[in-house]
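Here is a short report for a reader new to this structure. Look through the chain first, then follow the sections below.

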Amino acid sequence: MTASQRREQLISVSRVLFAEKGFDGTSVEEIASRAGVSKPVVYEHFGGKEGIYAVVVDREVQALTGVLTGALEAGGHPKILLERTALALLEYIETSEDGFRILVRDSPVAQATGTFSSLIGDVATQVEHLLADQFKRRGLSPASSPLYAQMLVGMVALTGQYWLDVRKPKKTEVAAHLVNLAWNGLSGMERKPTLTGEPLGPEVRG
């Protein structure tokens, strides 16, 4: 192999191992063994496990950011944008399962810091601007758009994390359900929502 080919082989092998075992559970010895090389070869190319992990994560962040940003920048009706974005995430999970596992293992959606949380935050910022425009058109306060952006993006991300393992129903159906909840919820929003202050009745408590 050329040096470039060997580097790509090590990245590919490491990507699978990091997805299976996480960063802490993967060793340089394991990477070298699965690639059929000695440990010094791994150190020569990446300086250690941290170096190769950084490359793997950076590639996945770029890939996922690319598909989500592409869906949002395509333009069109907000509902169509929501459909495209939900489907883009599910398609990424389907075609890059190892990559998504690495990202959410590093920092699940519910965690405040980490690579995946940072990526989700960036996407929410893009969604925020779209929501602010829609809120103005509907006579709603655009000041609340950052909060709703976090809600929407978080809902899609958590659903994607759930679907990663169950894979049911098919991705188009999952995307349709996501849009059903998000869009129909947004379309019926009150200008100044308040809690009722009343205890839940038996029909709500179940």
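## Ground rules

Helices (H or I, at least four residues) and strands (E, at least two) are DSSP runs, numbered from the N terminus. This is a predicted model, where local features need pLDDT of at least 70 and side-chain atom pairs count only at pLDDT 80 or more, while totals for chains, interfaces and linings use all residues. Residues are numbered from 1 along each chain as its sequence is written, and side-chain values use heavy atoms, with hydrogens and water left out.

## Lys-171 and helix H9

Lys-171 is found in helix H9, which covers residues 171–187. Its side chain forms a polar contact of 2.6 Å with the side chain of Glu-94. A polar contact is a pair of N or O atoms within 3.5 Å; within protein, one must be able to donate a hydrogen and the other to accept it, and residues adjacent in sequence count only if both atoms are side-chain atoms.

Not counting residues up to four places away in sequence, Lys-171 touches Leu-87, Leu-90, Glu-91, Glu-94 and Trp-163. Contact here means heavy atoms within 4.5 Å.

## The loop between H8 and H9

Most residues other than glycine have a negative phi, and most peptide bonds are trans. Arg-167 is not a glycine, yet has a positive phi of about 55°. Arg-167 sits in the loop between H8 and H9. Its relative accessibility is 28%, so Arg-167 counts as partly exposed. The scale is this: buried means under 20% relative accessible area, exposed over 50%, partly exposed in between (1.4 Å probe, protein chains only).

Pro-169 lies in that loop too, between helix H8 (145–166) and H9. The peptide bond joining Lys-168 and Pro-169 is cis, with omega at about -10°.

Thr-85 lies in helix H5, residues 78–95. At 10% relative accessibility, Thr-85 counts as buried. Its side chain reaches the backbone oxygen of Leu-81 at 2.8 Å. Leaving aside neighbours within four places in sequence, Thr-85 is in contact with Leu-68, Ala-71 and Leu-72.

How do H5 and H6 (residues 97–106) cross, and at what angle? Their axes come within 5 Å and cross at roughly 110°. Axes are lines fitted to C-alpha atoms, for helices over the stretch in contact, and angles run from 0 to 180 degrees between N-to-C directions. H5 and H6 are therefore roughly perpendicular to each other. Angles under 35 degrees count as roughly parallel, over 145 as roughly antiparallel, 65 to 115 as roughly perpendicular and the rest as oblique. Leu-89, Tyr-92, Ile-93 and Thr-95 of H5 meet Glu-97, Gly-99, Phe-100 and Leu-103 of H6.

## The annotated domain

An unreviewed UniProt entry carries the annotation "domain: HTH tetR-type" for residues 4–64. UniProt positions are in the numbering used here, feature names are shortened, and annotations may be inferred rather than shown by experiment. Over residues 4–64 the chain is 89% helix and 0% strand. The end C-alpha atoms of this stretch are 24 Å apart.

Helix H2 (residues 28–35) packs on helix H3 (residues 39–46) at an angle of about 105°, with axes 8 Å apart. That makes H2 roughly perpendicular to H3. H2 contributes Val-28, Glu-29, Ile-31 and Ala-32 to the contact, and H3 contributes Lys-39, Val-42 and Tyr-43.
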